[in-house]
Amino acid sequence: MVKLNYMKTLIFVIIVALVIVAIIKFIDEMKLNSLKKEVSDYSIESESTNLLFLYADTMQHVDKDKLCKVIEFSTKRQLDKGYYFVTLLKTYEEANLLADYEETRNRYFLSNVALWLYTTQSKTLCNNSEVTPLLFFYKTNTACPDCIVQGQILDKIREKCPNVRVITLASDTDLSIIKLIMSQYNVMDAPTLVIDNKDVLEGVQNETSIMKYINCDVEKNYSE
Amino acid sequence: MITVKIKKIKKEKKSKSDVFMRKKRAPVGKKMDKLTGIAIIFVLVLLTIFVFSSKEVMSTIYFMFGTCSMFSAAIYVQLHLFHPERKAPKLKSNEYPSITVLVPNHNYAHTLRRSLNAIVNLKYPKPFDIIVIDDCSTDDSVKIIKEYAARYPQIKFIRNEKNKGKAASLNSALNMTRSKIVACIDSDTYPPEDTLLKMVPYFYKRRNIGAVTAFITAADPKNFVQKVQELEYYSAFGFVPKMMTKIDGLTVTPGPLTLFDREKLVEVGGFDEHNLTEDMEIGLKLHWNHYAIEYCPEVTVPTEVPNTLKKLYRQRIRWYRGTIFNLRKYKDMLFNKKYHHIGMFSLPTCFIYVVFVILTFLILFWNFSRDLLLKLETLAIGLSIASLSYINYIDSLLSPISFNSAFFIFFILFLSFWVYYLISSIKIAKVKLNLSHIPAVVFIILVYPLFVSICYIISFAKEMLGGEMIW
């Protein structure tokens, strides 16, 4: 009868299996790194807006119109960039096994909080009453078909009304700032919308019911 | 002193009964106790929920089984590359032993003629008897057999007044013959002319050979279900048994056609009459008594395969229940060094392979159904909330499921092993696949394992709950 060395074969197979694990780790890290780079670009944008406000505070005689235009342009660009991260982050994270997404995810949401604050601040600074910040709370850790639908409806509104600034935040993170915002507006569940920092709408809302709370400015072109 | 004596006597008795066990008997297969069965199912369901609850646990378990499947593949490749197979000796025409062909039949009138024609035309240096056992058929079988018996004097005909089952029919025919070898051929199998000539020399390859099996294939597949099975038979009955026979690890003697050494078959007690898959049982029983099974890759024997999904489902439930029952019955052989490779490799592999296939496709099914459910829910909510343009939703419905890379890599790995086995088997069978096989190939890779998994799960539940054994 043929003699086989099971032990040697087993060791060989385990080595191959470990190589496979290394490959999986490599692929996961590669995906994470590509996302990390984009998120870091994104947060640089919010840092530059931060500096713009600091600049306005520090220097006495600033041309307000010019400053407002720059801030406007910067926040708008950041918004356009970050809008697709939500879905991207989710699909990447679902397919991930060995890489750690916690940091990247938190960085993204913190940048979003900053973006929301700058939008609100620029509204008073530049007397720009048409700009409407819209906070959208959704779930990251569990499946939420309501959130997907809400996202698509908001997508439409965003395209239609350039003055509406949709900013997404996760309702189930541990970040203290997001928890504070949630308790301030009494947000319990996702999806929830906070329109213009005062109106809170819980559950999925269709286009017409959201439109009641916002002044859609179709005409004005902000991306000059 | 007295106690020592008693101990000695006890020891002697034990060793005697051990020899007796090893040489003549087989373990008794018992039906599962219902309460134990329910407990096992309960534990397994809890375990499954635990596994599926977290991506990490799912991947770890998956990784473990992936490693096991790689291990068996590594063994096969080793055997394939480094252990050339020994040829069977060439026999002179007067050296061929006496042979009897046993043909059990139960309501196979539609295939009986073709099968009997093939059997009558089998070439052999010596004249041989054909015993056809009709197991109380209700169709035209008896008429056909009588017609053939009248034409060919070597055909003998037995008729069971009651339906006894295939095993009992074969056992009753075994008592009627004294030839050295018996060939059991199903009445829906069409052996080629040289079957016996090529297979019989394998009995002389080495000592203690109890049975010789052949490469079973699907006979002229017409519809899709049969074409899928054709590929399945190629991948299962070609390369793997050829490698397994090198380490004496064949567990099944396929029902459609197997040659047995009559004396050894009688010695181990013939076929088990209370078994769903007596062909697997006899294989394990021969091994239990330390007889070997040889595989002859030179002969491809076409047999009829189920032509509808329902028939296939019933056949598979029977097969898989039999497999589970017999694995339980011969559980003492598992990881038992006394049984060499069959205990240490062949049976554990068979078990692990089953678990691996079930797990892979449950994960696939789980991901797919969860994804689909989410998408449908989204669509429903979208439609009820707002009459949006549908394009967004159709887009997202068509988007592929997201897999994690571990799953993907192991799936590809497993698939490549399977393809390797299939291609090697096709080479052994000396056939060529053509373009018309492509849909069946896609189906057998992506959908068919799910069907097999479901069949296995149902069979397992039935076997655990001790359902009636119906052929």
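**View 1. The open sheet of chain A.** In this predicted model, four strands of chain A form an open sheet in the order β2-β1-β3-β4, with mixed pairing; strands are DSSP runs of E, at least two residues, numbered from the N terminus, and two of them pair if DSSP finds at least two bridges between them. β2 (164-170) and β4 (199-202) of chain A sit at the edges with a single partner strand each, so one side of each has no neighbour in the sheet. On average, neighbouring strands here are turned by 20° against each other, direction ignored (axes are lines fitted to C-alpha atoms).

**View 2. Strands β3 and β4 of chain A.** β3 (residues 192-195) of chain A runs antiparallel to β4(A), and four bridges join the two. Look for Leu193(A): its bridge partner in β4(A) is Leu201(A).

**View 3. Where chain B meets chain A.** Here 37 residues of chain B are in contact with 34 residues of chain A (heavy atoms within 4.5 Å). About 3,200 Å² is buried between the chains, 73% of it from carbon and sulfur atoms; that is accessible area (1.4 Å probe) lost on putting the two parts together, summed over both. On the chain B side, α3 (55-82), α13 (340-385), α14 (391-398) and α15 (405-429) each supply at least two of the residues that touch chain A (helices are DSSP runs of H or I, at least four residues).

**Notes.** Residues are numbered from 1 along each chain as its sequence is written, and chains are lettered from A in the order in which they are written. Local features need pLDDT of at least 70, side-chain atom pairs count only at pLDDT 80 or more, and totals for chains, interfaces and linings use all residues, while side-chain values use heavy atoms, without hydrogens and water.

Methods:
Axes are lines fitted to C-alpha atoms, for helices over the stretch in contact, and angles run from 0 to 180 degrees between N-to-C directions.
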